[in-house]
Amino acid sequence: MNSRFPSEETKPLWNFLSTPRKIVITTHHRPDGDAMGSSLGLYNYLVLKGHQVQVITPSEYPDFLHWLSGHENVLDFEKNPGESKKKLNESELIFCLDFNWLSRVEGLEPLLRASTVPKVLIDHHLKPENVFTYSFSYPDACSTCELIYQFIDSAGDADLLNQSIAESLYCGIMTDTNSFRYESMKADTHRIIAKLMEAGAVNYKVHEQVYDHSTENRLRLLGYSLKEKLTVLNDFKTAYISLSENELQMFNFKSGDTEGLVNYALSIEGVKMAAFFSERDGMTKISFRSKGDFSVQELSSKYFEGGGHKNASGGKSILSLESTVQKFLDILPFYKSKLNEN
Ligand code: 5GP
Ligand code: MN
C-alpha cells in the first residue's frame with residue numbers, strides 16, 4: 001500500500017524531519033473538508049513528533065469544519081497577512097496539500113513562490129505545476145487525506161494515530177468521496193477508514209459535524225435553488241444552477257452554504273454533467289461535476305481557467321454571471337455527442 005511513498009523518495013524528507021523543524025502547511029483558497037482534514041491531520045501528527053507547525057489557509061473555511069482538532073491555531077492569510085508572512089519567512093519546510101498549482105492559493109501565491117525553502121506537494125489533482133522540491137501527486141487517490149495516512153504510514157508511524165489525527169483524515173476521505181460513494185473509493189481506502197476508526201475516529205460524530213450543521217438559511221437557499229434556479233437541458237444531459245450575489249445575500253450566505261448543491265443537479269436520472277455558477281467577489285465561480293467518462297476537468301481547464309479531477313472540477317470567470325452561463329451554453333454543442341455517448 002505504501003508504493004506511493006517509496007523510501008528512496010521519502011528518506012531525505014524523513015531525515016530532515018528527524019530533528020524539530022519550523023513547518024508551514026498550506027492548502028487551497030476556500031478550503032474544503034479534504035483541504036482542512038489533510039492540513040490538520042498532518043499538523044496534529046507533526047506536532048506530536050515535536051515540530052513547530054503553522055497551518056496557513058489562503059482564506060476562511062466553512063463553520064462545519066471548525067470542530068477539527070487544531071482549528072483554533074490556523075492562520076487565515078486574508079485576516080492575518082502580517083503574521084502569515086512572518087511564519088512563512090521563518091519556516092524551514094512548506095507542505096502544500098490538496099492543490100497543485102500555486103495560483104490556487106490566490107493572494108498567498110507571491111509569498112509562496114518567493115520562498116526558497118523546500119516545498120512538499122501531497123495532492124490528488126491532475127497535472128501538477130513543476131515547482132515542488134518533493135512531489136507526491138496521485139490523481140487516482142480518492143483524497144489528500146488518504147495520501148496523508150499513507151505518508152504517515154511510510155514513516156512507520158501508523159501506530160501514533162490518535163483521535164485528532166484520525167478524525168481529521170476521516171473527514172477529508174468522507175467529504176471528497178461524497179460519503180464513500182465515488183469510483184475513487186477503493187477497498188484499500190475502506191481499510192484505511194477501518195484503521196482510522198480503530199485509532200479513535202468516531203464515524204457518526206464526524207458525519208453529524210459536517211452534514212447536520214446547516215443553518216435554516218442554508219436549507220432555504222437549497223430549497224430556493226432547486227425550485228427556482230435549476231435548469232435541465234435534456235438534449236445535453238446537463239443540469240445547472242446559478243445564483244447571483246443578491247440571491248446569496250437573501251439567504252445571508254456564509255462560506256460553505258452552497259457546498260454540495262451541484263450534486264443535486266447531478267442526481268437527476270440521465271444527467272451526465274452538472275454545473276453550479278455563483279457570483280462572488282466580483283467574479284463568477286463555477287463547480288462542475290460529471291458521471292462516467294465525461295471529463296469536466298478538460299472542459300473547465302479549457303474554458304474556465306480551472307481544473308481538478310475528471311468528475312469534479314472547478315473554475316472561474318471574470319465575466320458576469322449571465323455572460324458566464326451564456327458562455328457555458330455556447331460551448332455545450334461542442335460536447336453534445338460526447339455527453340450523449342452511452
Ligand atoms: P469544488 O467544485 O468543490 O469547488 O471543486 C471541485 C474540485 O475542483 C476540487 O478538487 C477543487 O480543488 C478543484 N477546483 C475548484 N476550483 C478550482 C479552480 O478555480 N482551479 C482549479 N485548478 N481547480 C479548482
Ligand atoms: Mn481533495
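Guide: Start at the boundary itself. This is a predicted model. Across the interface of domain 1 and domain 2, five residue pairs are in polar contact, with both partners at pLDDT 80 or more. On the side of domain 1 that touches domain 2, the residues divide into five nonpolar, three polar and seven charged.

Charged partners also pair up across this boundary. Two salt bridges are counted between domain 1 and domain 2. Look for lysine 254 and aspartate 63: their side chains meet in a salt bridge, at 3.4 Å from N to O.

Now step back to the two domains. The domain assignment places domain 1 at residues 7-211 and domain 2 at residues 217-339. Their centres, taken over C-alpha atoms, are 27 Å apart. Contact involves 15 residues of domain 1 and 14 residues of domain 2.

How much surface is covered? The size of an interface is often given as the accessible area lost when the parts come together. Here, about 1200 Å² is buried between domain 1 and domain 2. Carbon and sulfur atoms give 42% of that area. In domain 1, the residues that lose the most area to domain 2 are Arg30, Phe64 and Leu126. Together these three make up 37% of what the domain 1 side buries.

Next, turn to helix 5, residues 144-154. Nine of its eleven residues are buried, so the helix is largely enclosed by the rest of the structure. Buried here means under 20% relative accessible area. Among the buried residues are Cys145, Leu147, Tyr149 and Phe151. Glu146 and Gln150 are buried too.

What surrounds them? After helix 5 comes glycine 156, with a positive phi near 75°.

Finish with arginine 113, in helix 4 (residues 109-114). Arginine 113 is partly exposed, with a relative accessible area of 38%. Set aside the neighbours within four places in sequence, and arginine 113 is in contact with Leu102, Ser103, Lys119, Glu129 and Val131.

Definitions and conventions:
Residues numbered from 1 in each chain as written. Chains lettered and ligands numbered in written order. Predicted model: local features only at pLDDT ≥ 70, side-chain atom pairs only at ≥ 80, totals over all residues. Heavy atoms only, no water. Domains from an automatic or database assignment. Contact = heavy atoms within 4.5 Å. Buried area = accessible area lost by both parts, 1.4 Å probe. Salt bridge = Lys/Arg side-chain N within 4 Å of Asp/Glu carboxyl O. Polar contact = N/O pair within 3.5 Å; in protein donor to acceptor, adjacent residues only side chain to side chain. Nonpolar A, V, L, I, M, F, W, Y, C, P; charged D, E, K, R; others polar. Buried < 20%, exposed > 50% of the residue type's maximum accessible area, 1.4 Å probe, protein only. Helix = DSSP H or I, 4+ residues; strand = E, 2+ residues; numbered from the N terminus.
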